[in-house]
Amino acid sequence: MEETQVLISGGGPVGLGLAIELGQRGVRCLLVERHAQPQPIPKGQNLTQRTMEHFRFWHAEAQLQAARTVPKEYGIGGMTAYGTLLGNYHYDWLQRELVKAFYATDNERLPQYATEAVLRARLAELPCVQTLFGWSVEMVRQGGGVEAVLAERSGPGRRTVSAQYGVGCDGSHSVVREQAGITETKSDHDRLMVLLVFQSEQLHRLLSRYPGKSFYNVLHPSLEGYWQFFGRVDLGTTWFFHAPVPPGTTRENFDFRRLLHTAAGAEFDVEFQYIGFWDLRVAAADHYAAGRLFIAGDAAHSHPPYGGYGINTGFEDAANLGWKLAAVLQGWGGPALLDSYDAERRPVFLSTATDFIERSIAVDREFLRDHDPVRDREGFERHWAERQTGAKGEVNAFEPNYEGSPVVFGPSGSRSSAKGAHQFKARAGHHLAPQPLSRGGTVFDALGEGFTLLAFGAAEHQVARFREAAEREGMPLAIVTDTQADGRERYEAPLVLVRPDQFVAWAGTNTDDTGSILRRVRGA
Ligand SMILES: Cc1cc2nc3c(=O)[nH]c(=O)nc-3n(C[C@H](O)[C@H](O)[C@H](O)COP(=O)(O)OP(=O)(O)OC[C@H]3O[C@@H](n4cnc5c(N)ncnc54)[C@H](O)[C@@H]3O)c2cc1C
């Protein structure tokens, strides 16, 4: 029987990201992906600034930027329109540039298959990761470890593998989730959705009135808050579109060209490349782990692509689980560390689903019910203008944090959530905002692979206490010293303990109790 440390089922974006995270930390893993090549459907396209930080740490940022299909000069902004795409009312939407200062990188946009190709290329550089593309995980079970049966997709090959841990990154129909006995809670919106990929040069010309925009959300009163969504796949030719369609719609019995024309409010040439369907629902696993089996990405949570949260949430799962698995396998991560994966990531998804995705459907539904430019133009225009402020608020408020985590020192009684506020202050449980260093570059350039202590204007004996405690605990701790000036004072603490995933674990002025701080953050 073959043996590895971590078996990863599924090599979509999340499985690939996890394998890189583990492989860079020297963990031996086997990634099994049933498709030989990335599938040519342009799904998860909007990559947030936070996701691009992962790509930086995965040494694939420049490659991803080079793979984008819409030139940077053109722009990757979004907009919301009322009635039809070319109607009288529209405003900018998901303006991620509003929170740019809080991240070390800029956001990107490219088709998921192009992202996967970049990740596959990076993975090929990591010697401790073995990949089996064109193979499926058929069965997985656990005892003292994990055992899996793999089958070649278009051939007779079969293998049995043993691993210390298994992770299902195998999408919304996850085999690992099912065989681990992890149940899901679903909220069914009872909507059949169509996904169309098509070519049209005339649509590009029609949209020249909205320069710099790459995705377009159309609100139509008849759809009760569900969206008609156009997105560029490249500049000028290829598009995708999704929208609710009547129950029972098939490829054969529906006029999709007409649907596109009605949603746009104009006629244009259309050549279809793909027509597919899915049921709109929100599904969340009731646990993200069972024993030695974990789930991440769409295997743990799936939802409509409203707001572009799916792939980004999945990458954060990978970053969160990756360093924890590595820490445990390297011997310095304690037993509570792996439990904290569920404790941190599940509440964040539940909040993403209710506070952002489902809320936006409900808010749009209410707006469309209460306001109509034909009935009351002035009232409609006033409320339409107010919505623009809300669109800004949504970007600022989406700030996933682990304030309630057992392995960070968040405020007592607080809960982990996707809802927060971007701040420069270093707050336990929150993502660290980058600041410049006197020696050049930013704090992000100096972060270690393990934990990092930022000591900005801190007393030397305080720093020494952390250094000695880390040695006693046997955990990796990089130390970055500098003055508390030039932006670094914005952390509002001279000592900031940063986790390997760039979240703040503890921030303070001074402490005698460095040992117990480090024990808690490493899950001992
Ligand atoms: C139309 C559309 C638009 C979207 N837009 C956005 C967006 O703008 N932003 C965003 O963040 N998200 C978006 N999403 C969501 C995003 O595509 C998903 O969240 C993302 O694909 C999740 O990645 P994953 O790796 O978890 O799962 P998947 O992409 O589903 O990958 C799972 C992989 O596992 C493999 N697999 C499954 N079972 C097995 C098995 N038994 N053995 C081996 N391999 C297996 C599959 O072949 C697949 O490659 C969109 C989705 C859709 C449908």
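**Figure 1. Residue classes around the ligand.** The shell around the ligand holds 18 polar, 10 nonpolar and five charged residues. Ala, Val, Leu, Ile, Met, Phe, Trp, Tyr, Cys and Pro count as nonpolar, Asp, Glu, Lys and Arg as charged, and the others, Gly among them, as polar. This is a predicted model: local features need pLDDT of at least 70, side-chain atom pairs count only at pLDDT 80 or more, and totals for chains, interfaces and linings use all residues. Numbering starts from 1 along each chain as its sequence is written.

Figure 2. Around the ligand are 33 residues, and G10, G12, G171, G297 and G310 come nearest. A residue is near if its C-beta atom, placed from the backbone, lies within 6 Å of the molecule. Elements giving two or more residues to this shell are α1 (13-24), β2 (29-33), β8 (135-142) and α8 (310-330). The most come from α8, with four residues.

**Figure 3. The domains.** Domain 1 covers 2-69 + 110-183 + 286-333, domain 2 covers 70-106 + 187-282, and domain 3 covers 423-521. These bounds come from an automatic or database domain assignment. The centres of domain 2 and domain 3, taken over C-alpha atoms, are 43 Å apart.

**Figure 4. The fold as a whole.** The protein has 13 helices and 24 strands. Helices (H or I, at least four residues) and strands (E, at least two) are DSSP runs, numbered from the N terminus. Along the principal axes, the C-alpha atoms fill a box of roughly 70 × 60 × 40 Å.
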